[in-house]
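Hi,

Here is the model I said I would pass on. Have a look at it first, and then read my notes on the contacts below.

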Amino acid sequence: MSSPAVPASARRRTGGWKRWTLQAVLATLAVITLIPFAWLLIASLKSGEDFFGAIFFPPGEGPLGIGWDRLTLDNYRKLFAEGFGRAFLNSVFYASTTAVLGTLVCSASGYALAKFRFRGRGPALIAVLSLIILPPTLLIAPGYELLYHIGLLDTVAGLILPVVAPAFGVFLFRQAITQAVPDQLIEAARMDGCSEIEIYFSVVLPLIRPMVGAFLLISFLAMWNNFISPQIVLQSQDKQPLSVAIAQLRGIYRTDYGLLMAATVVSIAPVALLFLLLQKQFISGLTSGAVKG
Amino acid sequence: MAQVTLDRVEKIYKGGVRAVNGISLTIDDGRFVVLVGPSGCGKSTTLRMIAGLEEISSGTISIGDRVVNTVAPKDRDIAMVFQNYALYPHMSVYENMAFGLKLRKTPKAEIERRVRDASAILGLDDYLERKPKALSGGQRQRVAVGRAIVREPACFLFDEPLSNLDAKLRVTMRSELKALHQRLKTTTVYVTHDQEEAMTLGDLVVVMANGDIQQAGTPDEVFRTPVNRFVAGFVGMPPMNFLEGALSRAGEQVLWRESASNPAQIVLPEPLAAHAKARVGQPCVLGIRPGAISIRPDAPDSLSFLVTVAVVEPLGEQTDLRLTTPSGVLLTARVPSVHGHMPKVGETVRVAIDPARVHAFEPGPFGRALDAPVPAEPAAGTPAETAA
């Protein structure tokens, strides 16, 4: 275990200036990327009159020439007073339900397509592949029609069910499982006494963990950022998610920008947090798509 | 512990490919049986049918007194060791071994006891907390064996378990497996393509080809009295030499000679000659083990050839010689190495054949041995009796 550490530390010692240059470039890029976020965060803490008065912090008597006392949490108070909390909870619920259900459905169907021989398997795979090339926009009108006929308009199920089995996800999991789970392992589990469901949960899913992590995050983000379908499917105000609620903050004649910035911060924070927690899995899931067998 | 019986078991794949052709085999309780043959001979399919991983097209398989044709693999009371180990990569060595017991709701203390016992037998005590990734090939194979023995099944199945190991480790693991079987005395069915493995491990060696059992017998039987040319050529290293020729008669003796123009001829010894009498005038393939050929400048014509040395391969104690007969057939001879007295490449030497170790076959790749008993039923029979 200690042997791989030796070349790494040796490299650290030898590649001195190259390493520093690289770090400097990366740090600069990171700062550039972070500036809009910093601006957003500061803007959300400014009152209406300061919003257009200063680019970053409002000037004042405080340390560094900044008017610290002019920063305020009023925007956030106002935001939640106006029922924004409800939209936030809606979003959390929609996104996490979609992520968990979608991951289960996609991995289970990917597993079936990868490892089981059944009648209609070939056509099923071709159907999945051809669905991938359909642009989602194309499905808006027929999707609405379908939801109308089965009576799911303005329901949570109407928002979530159509997206729990994306063809892309099914195919992604099929590929990952084909690569990462050898047939003999499934046979070994079958002989060890696993039922088919137990094989799926205790052998297949653990072996494709990076992919599961990545897909949870992808589908969470997709639903969190989803702006069009909630507006189409949902009509009741109390069912709207954050993305729609934020857009509604913009008035026709006047927009409270401080409030808008605070709402944006609230909508970005959980996603950023999730990404920080899962980034290792996300990256390994995207790059390898699988684990060693 | 149980007897395993195969009765006219067939496997026909979709599209009509016959992988196994109605084989019958009785494996007595506690025996170590090796199915051996070239790839595609049906040995792995047979094993997988016993395991329940492959459906049986017709015939019956019984384990103990129970016909298991439709019994799920997990309920057959068997454990299998796979070629690529098939360890669960996300579980530690301990968890890998305990997994099957946990699924069977074995009490925790009992699991602990069985895993500790197995790990002590297999020398895995220091690795129980490790993941398979951190183990060497030999250790992984031991874990796979451990996972099978903790289950204390009625029968072990091994599917080419040593093929992924390097040559040296393979030999070590081979004797470990043999010792393990002598200790546990569990009925074992072992599949390999390596005839040496089959000979060293098996109480009963079952040689398969083209979905049929060619011969089933003790290692000694399949080596000394192969029933056909295929078995003779498959068992033994280096492989047996075959010389095409014909039988003729000289007084009371039966002679084999390569061709009319070649004076080289061999007088068939009794009792082979008695079996060969009926076939005088017909073609016959002579089978000679490399060890039955020796360099003898003074040997009589009736038992010897003049040959040219093509290749010399010293192996230490012994030397393999590739020899060309006047008719251009390549023979292999394994002779003791005598320092300073080995023939050189290009040299012509006289080699003698030990008549007691000559085999004679009907023509064709599966030609029957002339002295083989005429099979009552297709080659299978109930071979376990011969091994008892």
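How many salt bridges does the rule find across the interface of chain A and chain B? Two turn up there. Keep in mind as you read that this is a predicted model.

One of the salt bridges in the model joins Glu187(A) to Arg48(B), with 2.7 Å from N to O between the side chains. Polar contacts between chain A and chain B come to eight residue pairs, counting pairs where both residues have pLDDT 80 or more. Helix 10 of chain A has the largest share, with eight residues. Sorted by class, that side of chain A has nine nonpolar, five charged and four polar residues.

As for the extent of the contact, 18 residues of chain A and 23 residues of chain B take part. Together the two chains bury about 1800 Å², and carbon and sulfur atoms account for 64% of that. Which residues of chain A lose the most area to chain B? They are Gln184(A), Met191(A) and Asp192(A), which together make up 42% of what the chain A side buries.

Now to the domains inside each chain, beginning with chain A.

Chain A is split into domain 1 (8-72) and domain 2 (76-287), and the C-alpha centres of these two domains of chain A are 33 Å apart. Nine residues of domain 1 of chain A touch eight residues of domain 2 of chain A. The area buried between the two domains of chain A is about 680 Å², with 84% of it on carbon and sulfur atoms. On the domain 1 side, Leu40(A), Ser44(A) and Phe51(A) lose the most area to domain 2 of chain A, together 60% of what that side buries. The salt-bridge count between domain 1 and domain 2 of chain A is zero, and one residue pair is in polar contact across that interface, both residues being at pLDDT 80 or more. Helix 2 (residues 16-44) of chain A gives the largest share of the domain 1 side, six residues. By class, that side of domain 1 of chain A has eight nonpolar residues, one polar residue and no charged ones.

Chain B is next.

Here the division is into domain 1 (4-233) and domain 2 (240-361), and 39 Å lies between the C-alpha centres of these domains of chain B. Eight residues from domain 1 of chain B meet seven from domain 2 of chain B. About 640 Å² is buried between the two domains of chain B, 60% of it from carbon and sulfur atoms. Phe223(B), Arg229(B) and Ala232(B) supply 72% of the area that domain 1 of chain B buries against domain 2 of chain B, more than any other three residues.

Between domain 1 and domain 2 of chain B there is one salt bridge. Arg229(B) also pairs with Glu244(B) in a salt bridge, where the closest N and O atoms are 3.5 Å apart. Three residue pairs are in polar contact across this interface of chain B, with both residues at pLDDT 80 or more. Helix 7 (219-224) and helix 8 (229-234) of chain B are the elements giving two or more residues to the domain 1 side. That side of domain 1 of chain B divides into four nonpolar, two polar and two charged residues.

Cheers

Conventions. Residues are numbered from 1 along each chain as its sequence is written. Chains are lettered from A and ligands numbered from 1 in the order in which they are written. This is a predicted model: local features need pLDDT of at least 70, side-chain atom pairs count only at pLDDT 80 or more; totals for chains, interfaces and linings use all residues. Side-chain values use heavy atoms; hydrogens and water are left out. Contact means heavy atoms within 4.5 Å. Buried area is the accessible area (1.4 Å probe) that two parts lose on being put together, summed over both. A salt bridge is a side-chain nitrogen of Lys or Arg within 4 Å of a carboxyl oxygen of Asp or Glu. A polar contact is a pair of N or O atoms within 3.5 Å; within protein, one must be able to donate a hydrogen and the other to accept it, and residues adjacent in sequence count only if both atoms are side-chain atoms. Helices (H or I, at least four residues) and strands (E, at least two) are DSSP runs, numbered from the N terminus. Ala, Val, Leu, Ile, Met, Phe, Trp, Tyr, Cys and Pro count as nonpolar, Asp, Glu, Lys and Arg as charged, and the others, Gly among them, as polar. Domain bounds come from an automatic or database domain assignment.
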